Amino acid sequence: MTQYVHKEHVKNDINTTKLTLQEKIFPFLYRYGTLLVILLTVIGFSLANDKFLSYQNFTDILRSVSIITLLAIGVTISLIVGGFDLSVGSTASLATVTSAAALVLYRQETIIAILIPIAIGLLVGLLNSFFVVKVRLPDLLATLAVMYIINGLHLTFTKGFSIYNNMPLSEGGTAPGVFLPSFLFIGQGEIWSVPVPVIIMLIAVIVVHVILQQTRFGRLLYITGGNEEAARLSGVPVQRYKMYAYLLSAFFATLAGILLAARIGTGQVSAGAPLLMDGVAAAFIGFSVFGAGKPNVIGTFVGAVLIGILLNGLTMLNVPYYAQDIVKGSILIGALAFMYYEKKK
Amino acid sequence: MTILSLTSIQKSFGEQIVLKGVDFTVRGGEVHALLGANGAGKSTLMKILSGDYERDGGVIKLDEEELLLKTPAHAKDAGIEIVVQEVDTALVSSLSIAENVTMNSFISGPAFFSWKKRFKVAQELLKRVGLHLDPALPLSQCSLAEKQLVLIAKAISQDISFIILDEPTAALSTNEAQHLFSVLVELQKQGVGIIYISHRLPEIMELSTKVTVLKDGYVTLQKETSDCSSEEIVRAMLGNELVELLNDEEARILGDTLLEVQQFSVPATGESVSLSVREGEIVGVAGLVGAGKTETARALFGADPSKDTIYLKGKEVRISNPQKAISAGISFVPEERRKEGILVDYNVVENLTLPVLKQFTRFGFIQRKREKTEAEKWIKQLGIKTQKSSLLLNHLSGGNQQKASIGKWLLTDGDVFIFDEPTKGIDVGAKQDVFQCIKNLAANKKGVLYFTSEIQELLAFCDRILIMYDGKIAGELNKNEATTKKIMHYATGGHYDTVCS
């Protein structure tokens, strides 16, 4: 028998080549690109407008991003389990009008005006998880449908009108309650000249970050999103974790909605709708922060801050609001393009 | 006569080198059989030839002209067509047979093509492959064998010089296979070069003119078929490493029955099985592709839960989901490693500790140091080759990924271990480690259920072999009475001798 003699062809000279400039710069940009953009924007705006770099403006920016950040934390958690919660905007709107209704129409205390929207918000979360986990609808479709339903519900409840102090009622007279000062404090107050919404946001970011990174609960949320079947075959109750994620997502959307009501002092209808896209954008920009490549809360926070800085600076420079979306879109594309380009390699 | 020659073809996926310089030549009018065990690199080589994968190195020449072959269109232009194993991926089941057969005319044909003409062209092509079906029928009504012929008809709708068939008879009955052979012989007469991939030796001896055997990315045999025997081919396919394993003669001491099922219904196949495994016993479950091995293994683990109960150490339990199985002491290493066994985007530590994460948790917080120390102990014990324990599993070779997929269950310290094709696509060294690991389990009084289609592995170290056919257990053989022939006899439903002769 003649034995076939094999020739080894495999080359082994990959490590000897020197790194090109591109190979050095790209990984750096991949990790710190987003932070670099923030730094450059801050420098740019500071040069263009001397009022930009002040403590007052700094807290203004953080206050303006606090609501979006809370909403975006919810989106981030839904992304972590491999889902996507589109209903957060509507859930926030619903929370805004229910807390306003509790105060103005039903003369309730602040604590009730916070707990009722949270309870209703968790019901929305349950509805989402029912469609996703039990009916097994794709996440996008289920939450899109729920988005419409919740939006319609809150408009039906208010008949399309916003809720405000001393509003006239259809049965005659004016509304019995008012926005209580203790409720408005959540949105407008300051503690040691730090706005309360900023404090709430920072606490939320830190607590969620620690839970996601350090606890078993957080690890299993990530594992569920990483590979559902492998997680299930390793004994992870994946369906339960998906439900938790949608409950948390709805919870943070509700928190954002309550904060919004307290901030503007009225129960504005559809107030949450424009927040959805900013929240989603912040969560996706967050993928690229520190080269994480996956949803993470610190990244989401940085993403929201970046959006906030841009909007604030552009407004100061008198760029019309409709043109600001062009910048938002470009930043999102830039962040994601880098991430996917690096991932593909 | 056209000659297609491949010289020193190389291909690797990440760290894993699949083809290590393969030479391969086909001439028009020749049937060149390509053999090799799972993971030997056959499919990769053919995907390179059909333009699906891009090669890392090597030269492909058609006669004297060098071919680029970067896309499937390049391969088509060169007259190379492939009939893939999963025919459904190459056809559109919502369209009619006629549209599928004349698919190429959609790409390069005229903008308007009358249905009358399309049906006529399709009819002629179907006649050439001996298929008498109405071309207006939707493809979804065809059987698997018919779809295969439709795919061949589609391939010959243009002038082709070479056709690749990837395990075409894997799911065919004897009659259907015979019909396919006659079609191939007809093509061969027309001067088409055929590359024929198969595991079935009898049909290769009958059909092919030349044989090439691949093993772990190398060519180990290349000869005229008439010059070589079946034994020679088998030896080239399996190499010497299994000969060593065959010497495993040490008798194991068996204890009490650990797991037993009686008329246990398997939801995915609709059939029932009865089997048992004792302490320290390795029970092999053999069967060809589609015999229901994976389905049975998944049902036992509760991945696709059965309505029936099982007996664990004499106690009756119903395994309705994997969590129940794990707490009852059953572990499962699934067949599709990357899809079901491991998390490729997570590191070695996170993968290993996943089923027992609770042990490393205090007040909900993961004790990372303790987790890492424990995981590193197992990395060493299992011989997982990784630079550091925080490396993502994606960067590890298939064999090391498999060790992680098995290793995570060693931490749970269960009683019954179910393995489904644990050596699929891993190299020889890793195979040895996996075998050693399984033998250690048996020595530690664990029960092992070993599902595989690799008969040599079963013969090497199983105490008892059950053979599945069509979802049922068709036979049972003891260690000392089992032979390849006997196993194949049961695995083919008693048809093996007829196929042989």
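Predicted model: local features only at pLDDT ≥ 70, side-chain atom pairs only at ≥ 80, totals over all residues.
Helices are DSSP runs of H or I with at least four residues, numbered from the N terminus.

Helix 8 of chain A contributes A:Leu220, A:Leu221 and A:Thr224 to this contact, and helix 10 of chain A contributes A:Val238, A:Tyr241, A:Lys242 and A:Ala245. Residues are in contact if their C-beta atoms, placed from the backbone, lie within 7 Å.

**Side of chain A facing chain B**

Contacts between the chains involve 22 residues of chain A and 33 residues of chain B. On the chain A side, helix 8 and helix 9 (228-233) are the elements that give two or more residues. Helix 8 of chain A gives the most, with 5 residues.

**A:Val208**

A:Val208 belongs to helix 7 (residues 196-214) of chain A. A:Val208 is buried, with 23 other C-beta atoms within 10 Å; the cut-off for buried is 20 or more. Apart from neighbours within four places in sequence, A:Val208 contacts A:Ile73 and A:Val297.

**Basis**

Residues are numbered from 1 along each chain as its sequence is written, and chains are lettered from A and ligands numbered from 1 in the order in which they are written. Local features need pLDDT of at least 70, side-chain atom pairs count only at pLDDT 80 or more, and totals for chains, interfaces and linings use all residues.

Note on methods
Contact = placed C-beta atoms within 7 Å. Buried ≥ 20, exposed ≤ 12 C-beta atoms within 10 Å, placed from the backbone.
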